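Dear colleague,

Please find below the sequence and structure that I am handing over to you. My notes on what was found follow directly after.

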Amino acid sequence: MVSEDQQLHVMFLPYVAPGHMMPMVDMARLFAANGIRVTILTTTKNALSFQNSIARDVRFGQKISLEILRFPSVEAGLPEGCENLYDATSPEMHKRFFRALELLRPEFEHHFRRNHPDCIVSDNLYTWTVKLANELGIPRLAFSGSGFFNLCVSHNIDRYKPHDDIKLETEIFIVPGLPDKVKLTRSQLPDIVKTKNEFSSLFEELKKAERDSFGVLVNSFYDLEAGYVDHFRKDIGIRAWSMGPVSMFNRDTDDKIERGGNSCVSKHSCLSWLGSREANSVLFICFGSLTRFTKAQIREIACALEESGHSFIWVVGKVSDSKDCDFWLPERFQENVSGKGLIISGWAPQILILEHPAIGGFLTHCGWNSIVEGVSAGVPMVTWPVFAEQFYNEKLVTQVIKFGVPEKKWKDPSRISIPP
Ligand code: UDP
């Protein structure tokens with residue numbers, strides 16, 4: 001038996017957005033299950049979304065604990081309780097949110113100094129942890145919120161700038177230097193790649209921090225993107241490990257239903273609805289945690305679903321153009337599709353749903369976690385990327401592993417309000 005003093009102590013600092021926080025918490029639990037003493041640094045409301053799973057791990061004898069800080073929402077001009085990017089619905093709120101994280105930084109630093117762990121696993125967006133880890137004389141591992149494919153595509157786009165010679169937004173070009181012929185158009189590049197903006201320097205810092213870290217931890221598995229794991233390690237030259245699919249660490253049904261917070265459907269109603277469907281007959285539709293559609297866009301999706309006549313589960317994301325409500329649906333839509341569709345206006349237990357035998361397809365925005373979770377559940381995909389690196393991720397699904405088909409394109413960024 002190893003005493004607590006002899007046990008390696010690793011502190012995790014997850015970013016406060018679901019697509020970063022949830023896989024990182026899964027990863028922290030995985031470390032603890034392998035005999036490492038783990039501390040997760042988080043804030044009050046964020047802790048609520050995973051503390052039950054941690055309590056279960058503790059009951060199973062794992063050495064995992066939380067250090068909970070107060071999020072300075074009010075000081076940054078945010079409503080009380082707005083502690084996660086999921087809660088921020090406008091560009092102004094995003095700015096305030098980043099301000100709150102700046103205010104929180106000295107508190108985080110204080111906790112690292114006081115605990116002096118053997119290693120820091122930091123979300124790669126907290127670039128400042130590189131300097132801190134150096135100062136403490138401990139390794140810093142960067143957690144990447146995306147996969148190797150995206151890391152390689154963005155690296156090579158940055159290095160070769162193939163889009164510089166392309167005139168039309170819709171003209172196809174091939175990203176040089178990759179294991180496969182990955183085709184993209186200029187319109188699919190993140191804005192930050194095409195024009196320098198306020199976030200450009202952050203991305204530069206992020207890449208530097210990745211290199212200056214001891215290595216990178218990725219929620220992926222070798223067979224999913226083998227060529228890109230090798231390319232990242234050998235050609236780009238950064239030490240990295242595939243740790244996924246980390247969501248599969250949630251074996252307990254309670255872990256699955258509670259993952260990411262209180263789901264707005266009960267385990268019972270969700271499973272009994274799915275249980276009433278034939279195998280492979282239901283399309284699951286979810287655009288992740290941060291996509292904000294306008295009412296017009298939501299209406300279009302609703303009409304298409306109603307007309308298709310297919311069974312579906314639709315996780316309706318937050319609406320971007322309403323001051324009165326977070327969620328919105330066209331009038332009578334619920335009645336019109338009753339019997340065919342289950343509508344979830346709020347947080348859904350995605351991994352529980354995806355692995356149900358009734359699910360036959362996944363219409364996804366191509367967030368990295370959703371792709372890994374869809375593949376892990378063996379569910380083919382229809383890809384509908386909306387912003388940022390989701391367009392790159394889509395190409396892994398449709399052009400490389402060919403586990404999905406693209407939705408016939410709708411991309412009108414001017415109508416979409418998204419965080420950076
Ligand atoms: N998710 C969920 N319920 C929801 C919406 C999202 O459980 O209602 C989870 C999903 O399983 C995934 C994460 O949130 O683990 C979203 O991450 P992803 O990288 O797919 O997209 P993002 O939200 O970062 O755009």
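I begin with strand S5 (residues 140-144), which is mostly covered, as 5 of its 5 residues are buried. Here a residue counts as buried if 20 or more other C-beta atoms lie within 10 Å of its own, as exposed if 12 or fewer do, and as partly exposed in between, with C-beta atoms placed from the backbone. Helices (H or I, at least four residues) and strands (E, at least two) are DSSP runs, numbered from the N terminus.

Two notes on the source apply throughout. The model is predicted: local features need pLDDT of at least 70, side-chain atom pairs count only at pLDDT 80 or more, and totals for chains, interfaces and linings use all residues. Residues are numbered from 1 along each chain as its sequence is written.

Strand S5 and its neighbours

From S5, Arg140, Ala142 and Ser144 point one way, while Leu141 and Phe143 point the other way, and all are buried. Strand S4 (residues 119-123) runs parallel to S5 and is joined to it by 4 bridges; two strands pair if DSSP finds at least two bridges between them. Leu141 in S5 is the bridge partner of Val121. Together with helix H5 (residues 129-136), S4 and S5 make a right-handed β-α-β unit, where right-handed means that, with the strands pointing away from the viewer, the path from the first strand over the helix to the second runs clockwise. S5 also pairs with strand S8 (residues 215-218) in the parallel sense, over 4 bridges, and Phe143 stands opposite Leu217 in S8.

Domains and their contact

The domain assignment of the protein chain gives domain 1 (9-149 + 190-247) and domain 2 (250-406); such bounds come from an automatic or database domain assignment. Taken over C-alpha atoms, the centres of domain 1 and domain 2 are separated by 25 Å. In all, 25 residues of domain 1 are in contact with 27 residues of domain 2, contact meaning that the C-beta atoms of two residues, placed from the backbone, lie within 7 Å. On the side of domain 1 that touches domain 2, the elements giving two or more residues are H1 and helix H3 (51-59). H1 provides the largest share of that side, 5 residues.

The ligand shell

Which residues come nearest to the ligand? Of the 19 residues around the ligand, they are Gly19, Gly288, Gln350, Gly367 and Ser370; a residue is near a molecule if its C-beta atom, placed from the backbone, lies within 6 Å of it. Helix H1 (18-33), helix H14 (350-354) and helix H15 (368-376) each supply at least two residues of the shell, and H15 gives the most, with 4 residues. Domain 1 and domain 2 each contribute at least three residues to the shell around the ligand.

Helix H16 (residues 390-400) is mostly covered, with 8 of its 11 residues buried. Among them are Phe391, Tyr392, Leu396 and Val397. The cover over the buried residues of H16 includes helix H6 (148-160), H15 and strand S14 (381-383). After H16 comes Lys402, whose phi is positive, near 50°.

Is Glu335, by contrast, buried or exposed? Glu335, which lies in helix H13 (residues 333-336), is exposed because 8 other C-beta atoms lie within 10 Å. The C-alpha atoms of Glu335 and Gly361, which are 26 residues apart along the chain, are separated by 23 Å.

Yours sincerely
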